[in-house]
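Subject: Structure handover and what was found in it

Dear colleague,

Please find below the structure that I promised to pass on to you.

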Amino acid sequence: MRLTVVLFLFFTMVKADAFSFKEIEVMPTSYAKDYYTWRFLQEGNTSKEEALLAYEWTKSKNATLRQAIQKKIGYVPKNGTIQSPKDPNNYLIYPLTAGKKNRQELQKLYQKILKQGQYSDVLKVMSSANPFQTLTTMSTQTQCYIFNNVGSTYRKAYFNQRFSISQLQQLIKEPQFNATIHKSITTHQLQEVKKSLVFEIQDNNLTFQSNFLLAMNAVEFNQIEIAMNFLKIAKNKTQSQNAYDQIHFWLYLLTNDKNYLTLLTQSTQINLYTLRARDILELPYPKVVTPRLGFNMVENFDILNPIDWEKLKIKMEENPQNIDTLAENYNGYETMGVYAYLKEKASNYTKAYYPMPYREAMWGFKKERVALLYAIARQESRFIPASVSPSYALGMMQIMPFLIKHLAKERNQQLDLNEMFDPHIAISYANQHLNYLNKWLSHPLFVAYAYNGGIGFTKRTITSSHLFKKGKYEPYLSMELIDYEESKEYAKKVLTNYVVYLNILGSPTKISPFLKILEYPSQTDYFRTPE
């Protein structure tokens, strides 16, 4: 272990230099390459010509990248050929933009374009005395487009009315209606819309997620038979074992039929639903794999280099049948995350790997904090130190650049963003951030919401009037109605990981008490109770 620490101290002293134009050009297309391109665009000696070429080869031109290129060359290059609208007479105005104007302004603009021989579906709807009624006269595609993009404030003020049965019969054929369902069901203030979404149907072309949300909406209105019907439709829309587990657990809640719990104990997945089922049946939790690996240097692979990780992913894609063999090349303590990732992938995720690398970085931490850091790291990066997300969250703990800079400032440190690829530094900074989150949140589920979606999102969520209150199907219903899909699923997985890691660390723990305690704000957060 001493040799491991010495090696990491050496690595952390080696600060990666900025990559040159030529070096970035030959990198494999990836979010890591995009990250280095973003850094390159911010260099003072980068020419405008180089900046333009570098911007063209990026995989994802996100807002951060667009802002960097605009600052460098004065504008954001257009992608591909600019296509004219299908109908040049249609005056284009984005619903969110129109929603920020008052009705008088919209009426004046609408009259103006009509005199010019143009028209606008958006303005026709939003300038009318009854926008929702006018919306129903449009095509289903236009209805969904305006409803989905008008903004939450406008939607609550003007579109909280019931869809008619005939309207729904047409809307469920429109792909954009999936987004309409999500925005409606996860917005408590849209009660009239939500009531109209409690309906009976044999089948539909909606997604798994939409059918599942329709089931949750029916549960909220205590229409259990309708909810069960939507759950059964949803089951036919997926091949995901986790989704089956979610459905089986809800069918158990709605029927109290323990046969569904038996199905959950037969699942190959470890998740909130399968662990809770085992608690109810008083069965032990499934065994997991926690590798204990010795020291083994891997040639031609730098665990701290995102490009080396991208090249390894290419190898996996090119030879999927050889992933298990490939994993043995990384059978060592330093590359434990890579090894576990490959082994789990080779098993088609039927074996659950819960590695515990870089434990020396958590020296002196309480078991609960160690478990939480591991739970987050497993979900964020699968313990890959050189991970880069589409939004440039960096390292094993996937911390955003703006937060890295804020945390470094609190420490009075000068830190290059590339240093976040050192797992020891990443853990230290994540621990610092968790200290802040714990000032407001004491429950791992809520901490996970905040780590992923931000403290503001979490505060808004848990202080709302309808979530995480006592009720027949709580806290499960609240957990399914979180409006930010990514954070909703992320937090469930982090909570599951947390329970598993506590058990590995020698603290016998069940998931059930963590779910039960969500009914009591005084034991979960300080937003709803005084400090």
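Predicted model: local features only at pLDDT ≥ 70, side-chain atom pairs only at ≥ 80, totals over all residues.

Residues are numbered from 1 along each chain as its sequence is written, and side-chain values use heavy atoms, with hydrogens and water left out.

On a 1 Å grid over the protein atoms alone, a cavity is a set of points where a 1.4 Å probe fits but cannot get out, whereas a pocket is an open set with protein on both sides within 12 Å along at least five of seven lines, and lining residues have an atom within 4 Å of a point. Grid points are joined across faces, edges and corners, and a volume is the space filled by probe spheres set on the points.

The largest pocket holds about 1000 Å³ of space, and 40 residues line it, with Glu-380, Ala-393, Gln-398, Met-400 and Asn-452 lying nearest its centre. Helices here (H or I, at least four residues) are DSSP runs numbered from the N terminus, and H24 gives the most to this lining, with five residues. By class, the lining of the largest pocket has 19 nonpolar, twelve polar and nine charged residues, where Ala, Val, Leu, Ile, Met, Phe, Trp, Tyr, Cys and Pro count as nonpolar, Asp, Glu, Lys and Arg as charged, and the others, Gly among them, as polar.

There are also two cavities of 30 Å³ or more. The largest cavity has about 40 Å³ of space, and helix H22 (residues 336-346) contributes the most to its lining, with four residues. The second largest cavity, of about 30 Å³, has a lining of six nonpolar, two polar and no charged residues, and H10 supplies the largest share of that lining, three residues.

Leu-477, found in helix H28 (residues 476-480), counts as buried because its relative accessibility is 9%, buried being under 20% relative accessible area, exposed over 50% and partly exposed in between (1.4 Å probe, protein chains only). Leaving aside neighbours within four places in sequence, Leu-477 is in contact (heavy atoms within 4.5 Å) with Met-216, Val-219, Glu-220 and Trp-250.

A salt bridge is a side-chain nitrogen of Lys or Arg within 4 Å of a carboxyl oxygen of Asp or Glu, and a search of the whole structure finds 17 of them. In one of these, Lys-313 pairs with Glu-310, the closest N and O atoms being 3.2 Å apart; Lys-313 is partly exposed at 27% relative accessibility, whereas Glu-310, at 11%, is buried. Another joins Lys-237 to Asp-203, with the closest N and O atoms 3.4 Å apart. Lys-237 lies in the loop between helix H16 (224-235) and H17, and Asp-203 in the loop between H14 and helix H15 (208-220), so this pair ties together parts that are 34 residues apart in sequence.

With best wishes

Terms used. Helix = DSSP H or I, 4+ residues; strand = E, 2+ residues; numbered from the N terminus.
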